[in-house]
Structures are given as C-alpha cells and as structure tokens.
Amino acid sequence: MKIGIIGAGAIAEKMATTLQGMGNEAEAYAIASRDLAKAEAFAARWGFTRAYGSYEAMLDDAQVELVYVATPHSHHYEHVRMCLLKGKHVLCEKSFTANAREAEEVLALAREKKLFLAEAIWTRYLPMSQTLKEVIDSGVIGKPMMLSASLCYPILHKVRNVRPELAGGALLDLGVYTLNFAMMLFGTDIKEVVSTCTKMETGVDVQDSITLVYNDGRMAVLNCSFLTKSDRSGVISGEHGHIIVTNINNPESIKVVNSDYQEVARYTCPPQITGFEYQVRASIEGIRNGWSESPYMPHAETLRVMRMMDALRKEWGVVYPNDNK
C-alpha cells in the first residue's frame, strides 16, 4: 500500500524509518511539506518516490492510498479534513485533534465518506499491550485495584510543546499516553476525576497529576511532565502481587511480582522496527476490510479520551485558540 506523509518533522522521520523496514507491506511513496526543498531533502534521505511542496498537491496524487498526518495537534483537524475531502484514508498522530469538537466532526466526515480514519496512538496497537491485558486477566495478581503510570521528558525546548496556538502542553503530548494506559487496562467506568497541574507563562500545562476513581473502587494515578525525566513505568497492583511495565510508551518488559516480592514471570517485547509498524498494519487491515475504524483504537475511545482532556483543560484553565472556533 502506498503511504503519503503530511509534515516532514521528527515524527515523520520515525514513520519513514518504519516504512523502510516493512518491505512489501507498505511503500514509502510520498512526502509533503509546505517547503518543497524540505520535502525533496526528506524524500532523498528516506527513499520516497514523490515529494510535494503543498499538502493539497500530494492529496491530488491518485497513487496515495493512506495518509499519515504528522503535523502539530493544532493542525490535525484541518489536515485530516483535507485528506477526507480528497477521498484519502487517514492515520492521524496523537493527540487526535486539539479538542473533542474537532474530533467529532472529522470522525463523522470519515463515516459519511466511507473512509478509514484512526488515531495513531501507537501504544494501542502494540502486541505487548495485548500481552499485558492477558497477564492481568489471568488473575495472577488477583483483582487489580491500583494502577500508576508516569511519563515525563524534559522537552520544553520544543516550540510546539509550549505554545497554545499549537495545542501545546504536557496533557496532549504525554498525558494522553497515561490516560490511554489506564483506560486500556481499567476501562471507562469512571466515577470521578481528581487532578491538578502547573502552568508556564504561555498558559499551557507543564506538569500534570490525574487520578481516576472507578465505580468499583479501583484507582489510577497518572503523572506527566515536561520538566523532568521519569522512569516511564506503569505498575498494576492486586492483592496477590503486582505487575511492573517498563516504559508504558513502548513496553520493553512486563514483570510479574508475587505477594512475597519475588519475580515469578517476565515477558519481553518481540523484535520490532520502531513499534509504529503495528498501527500501519492495522490501518492497512482496516482499509482492505472496508472498515471506517480500527478495533485497536475505536472512534468511541478516541472521543472518550478527547472529551476527558477537554474537561481537564477546562478545569485547569488551559485554553487553545481552536477551542473558540
């Protein structure tokens, strides 16, 4: 399947590396940037067949079958909508859009156009995510009642992370992973959300602490930050032990510890190109089956996370220009 990419930044390079390693499964066909020279340099460096100096020009190329949107959160709505109106299937980077209203509109448009559209939150597609669910469901630690997850990187130097007009902030960049981690494992029967954040002078959040309280008494405590580097771990605890996930962003290992604090099982990540290949494969599967969404990240889940992040930002007073359109 011929893949086109909108945006030629760092995340696009990771996708390019992925496509190079996928062989006949997917073809690195086209790259589009607002700067033709940048697109041409990207194409030469990563072996793309075509380079375009505008997104519209690439979308007019009938050979492009699936578009990966790799622009800042603030532009996802515009670029996904553009792709859909041009009749293209889309895999859009997280966070899916700047807010839930935008997400609702493009998801409705995809259904109307009978096109595939999915959020590229890669953790949802990784085999290790399924392994983790299976380990928990086996009952090895008893009923899981407490979950914690932390994802922190000192990345204030990236302009897109600190500007409200680019839908910046730790929540949409990092917190989205912790929320997805909790919802994948504990579900969505949430009774209460308790949270706090610290903000920088631009008005976006830079450190967040979020606690999800479930109707059955379970709790998920989630932290993210642009100021520090954390261990990126996730811990799921039950009465008979706990499970430690090394790197919730791309699990390297899953360790099962019993009530005597002895390791009783360990699962390691299978070989991968970058980890992005699984979301590409899921998109190809969806397109070939005529689906509008992927079972790995259904539209309802994308909307649920977007609405939760909207509510959190409203509570914190973090406002984006897109919110008022």
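**Salt bridges**

I searched the whole structure, a predicted model, for salt bridges and found 19.

I looked up arginine 281 first. Its side chain meets that of glutamate 25 in a salt bridge, at 2.7 Å from N to O. This pair links distant parts of the chain. Arginine 281 lies in helix α9 (residues 277-288). Glutamate 25 lies in the loop between α1 (10-21) and β2 (27-32), and 256 residues separate the two. Arginine 281 has 32% relative accessibility, so I noted it as partly exposed. Glutamate 25, at 31%, also counts as partly exposed.

Next I took arginine 266. Its side chain forms a salt bridge with the side chain of glutamate 263, and the N to O distance is 2.9 Å. Arginine 266 is partly exposed at 45% relative accessibility. Glutamate 263 is partly exposed too, with a relative accessible area of 41%.

I went on to arginine 304 and glutamate 301. Their closest N and O atoms are 2.2 Å apart in a salt bridge. Both residues lie in helix α10, 3 residues apart, which is about one turn of the helix. Glutamate 301 has a relative accessible area of 11%, so it is buried; the cut-off for buried is under 20%.

I also noted a network: Lys94, Arg160 and Asp173 are joined by salt bridges that share partners.

**The sheet**

I traced an open sheet of 8 strands. I read the order as β8-β9-β10-β7-β11-β12-β13-β14, and the pairing is mixed. Which strands stand at the edges? They are β8 (190-199) and β14 (263-268). Each has a single partner strand, so one side of each is left without a neighbour in the sheet. From one strand to the next, the twist averages 10°.

I reminded myself that strands of a sheet pair through backbone hydrogen bonds, either parallel or antiparallel. Then I picked one pair. Strand β9 (residues 205-214) runs antiparallel to strand β10 (residues 219-225), over 7 bridges. Within this pair, aspartate 208 stands opposite cysteine 224 in β10.

Which strands does α8 touch? I listed β7 (144-152), β9, β10, β11 (234-238) and β12 (241-246), as α8 packs on the sheet. The direction of α8 makes about 160° with that of β7. Helix α10 (residues 299-316) packs on the sheet as well, touching β8 and β9. The direction of α10 makes about 50° with that of β8.

**The core**

I turned to the largest nonpolar core and counted 112 residues. Those with the most contacts inside this core are Leu19, Phe48, Leu147, Ile236 and Ile243. Helix α8 (residues 170-186) gives the largest share, 12 residues.

**Phenylalanine 42**

I found phenylalanine 42 in helix α2 (residues 36-46). Phenylalanine 42 has 1% relative accessibility and so counts as buried. What does phenylalanine 42 touch? Not counting residues up to four places away in sequence, I listed Ala8, Gly9, Ala12, Glu13, Ala16, Ile31 and Phe48. I also checked phenylalanine 42 against aspartate 173, which is 131 residues apart from it along the chain. Their C-alpha atoms are separated by 24 Å.

Note on methods:
Residues are numbered from 1 along each chain as its sequence is written. This is a predicted model: local features need pLDDT of at least 70, side-chain atom pairs count only at pLDDT 80 or more; totals for chains, interfaces and linings use all residues. Side-chain values use heavy atoms; hydrogens and water are left out. A nonpolar core is a set of buried Ala, Val, Leu, Ile, Met, Phe, Trp, Tyr and Cys residues joined through side-chain atoms within 4.5 Å. Buried means under 20% relative accessible area, exposed over 50%, partly exposed in between (1.4 Å probe, protein chains only). Helices (H or I, at least four residues) and strands (E, at least two) are DSSP runs, numbered from the N terminus. Two strands pair if DSSP finds at least two bridges between them. Axes are lines fitted to C-alpha atoms, for helices over the stretch in contact, and angles run from 0 to 180 degrees between N-to-C directions. Contact means heavy atoms within 4.5 Å. A salt bridge is a side-chain nitrogen of Lys or Arg within 4 Å of a carboxyl oxygen of Asp or Glu.
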